[in-house]
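Please read the following report alongside the sequence and the coordinates. It moves from the core to a central strand and then to the side-chain pairs.

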Amino acid sequence: MTEAPKKILVTGGAGFLGSHLCENFLQKGHEVTAIDNFITGSPDNVAHLLSNSRFRLVKHDISTPYQPTGSVDAILNFASPASPPDYIRYGMETLDAGSLGTRNMLELARSKKACFLMASTSEVYGDPLAQPQAETYWGNVNSIGPRSVYDEAKRFSEALTMAYHRYHRVDTKIVRIFNTYGPRMGVEDGRVIPNFISQALLGKPITLYGDGSQTRSYCYVTDLVAGIEKLLFSELHEPVNLGNPIELTVKQLAAVILQMTGSKSSFVQKELPPDDPKVRCPDITRARRELGWEPRIGLEEGLGQTISYFQTQLSHK
């Protein structure tokens, strides 16, 4: 069923995921306001949307209150650095986004009687002792480690979101996002797929942290956006994992990218960062059962689109 046009606000709307969400909702006929402070997002990611009369881009840091005029039907809170190099570089900003920012957006949702969707992460599971990770798993997180500025900010965001649902009856949703990739990721993003593609295309050594046996599960961005849209218009309030349950070692991923790019890059090993998860794979039973959602884009198809995007970006440098 097609939803009636909504007024949708996307925080972090000029980021990788936020920009794809803005694009998707505009294509469905909704009005979209993107809010971003541009510390990791870029206006370039939404430049192609600026000519659309139903789109607005606002520069604002949500750690200070934001009060738009008029109605708001839905708020999708995606404002936060998301790659390890970014959230470690911007540790205090990441904590502010997860605490003050989330609270401000929940207050806005409360005042506007809007639906609120919180972008959480598989990082709430930490270095998991359960495999695959279901939403019922409480996680294994080092609350004082270098990654905690992100992990604990998201865990606190989830707690705030559920509190506003319980105490203030705000219509809230929580999506736990597993490794997602696709066009508009930064060339120097720091996550594994951008790293490997950039290094392969430039003929630089492929950096393996540890022995490359740690696992990840990779979801193409359009699949994730489709799942988020289903969740937004659902009746669910408990967290929902969205990701691809096909698990690969990091070294296997590197081999696929080398083959697809035709690169002759060699490998260089570096020490595994502190608290880096050894395994990561979503249990998507809840998403399949409650949303009728599962990923459809295979790894090679998604990587092909992403490699093409990175070739274009690198040719402009």
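Which residues have the most contacts inside the largest nonpolar core, and how many residues does that core have? The largest core has 60 residues, and those with the most contacts inside it are L76, F78, F196 and I228; a nonpolar core is here a set of buried Ala, Val, Leu, Ile, Met, Phe, Trp, Tyr and Cys residues joined through side-chain atoms within 4.5 Å. Buried means under 20% relative accessible area, exposed over 50%, and partly exposed in between, with a 1.4 Å probe and protein chains only. When its neighbours within four places in sequence are left aside, F196 is in contact (heavy atoms within 4.5 Å) with I206, T207, L208, V250, L253, A254 and I257. A second, separate core of 20 residues includes A79, A114, L160 and Y164.

The model is predicted, so that local features need pLDDT of at least 70 and side-chain atom pairs count only at pLDDT 80 or more, while totals for chains, interfaces and linings use all residues. Residues are numbered from 1 along each chain as its sequence is written, and side-chain values use heavy atoms, with hydrogens and water left out.

Helices (H or I, at least four residues) and strands (E, at least two) are DSSP runs, numbered from the N terminus. Strand β5, residues 115-121, is mostly covered, with 7 of its 7 residues buried. C115, L117, A119 and T121 point one way from β5, whereas F116, M118 and S120 point the other way, and all are buried. In a regular strand the side chains alternate between the two faces of the sheet.

Two strands pair if DSSP finds at least two bridges between them. Strand β4 (residues 74-77) pairs with β5 in the parallel sense over 4 bridges, and the bridge partner of N77 in β5 is M118. β5 also pairs in the parallel sense with strand β6 (residues 172-177), over 6 bridges, and A119 stands opposite V175 in β6. From β5 the chain crosses through helix α4 (residues 148-168) to β6 in a right-handed β-α-β crossover, a term that applies if, with the strands pointing away from the viewer, the path from the first strand over the helix to the second runs clockwise.

**Charged pairs**

A salt bridge is a side-chain nitrogen of Lys or Arg within 4 Å of a carboxyl oxygen of Asp or Glu, and by this rule the count comes to 15. Three of them are tabulated.

| Salt bridge | N to O distance |
|---|---|
| R110 and E107 | 3.4 Å |
| E152 and R155 | 3.3 Å |
| D171 and K173 | 3.0 Å |

R110 and E107 are separated by about one helical turn because they lie 3 residues apart in helix α3 (residues 91-112). K173 is buried, with a relative accessible area of 0%, whereas D171, at 32%, counts as partly exposed. Salt bridges that share partners also join E123, R147, R216, D276 and R280 into one network.

**Aromatic pairs**

Rings of Phe, Tyr and Trp (its six-membered ring) pair if their centres lie within 6.5 Å, and planes under 30 degrees apart count as stacked, over 60 as edge-to-face and the rest as tilted. By this rule the count comes to 5 aromatic pairs. Y87 and Y150 form a stacked pair, at 4.4 Å centre to centre and 5° between the planes, which links helix α2 (residues 84-89) to helix α4 across 63 residues. Y87 and Y150 are both buried. Y125 and Y137 are likewise stacked, at 6.0 Å and 20°, and ring pairs link Y125, Y137 and F178 into a cluster.
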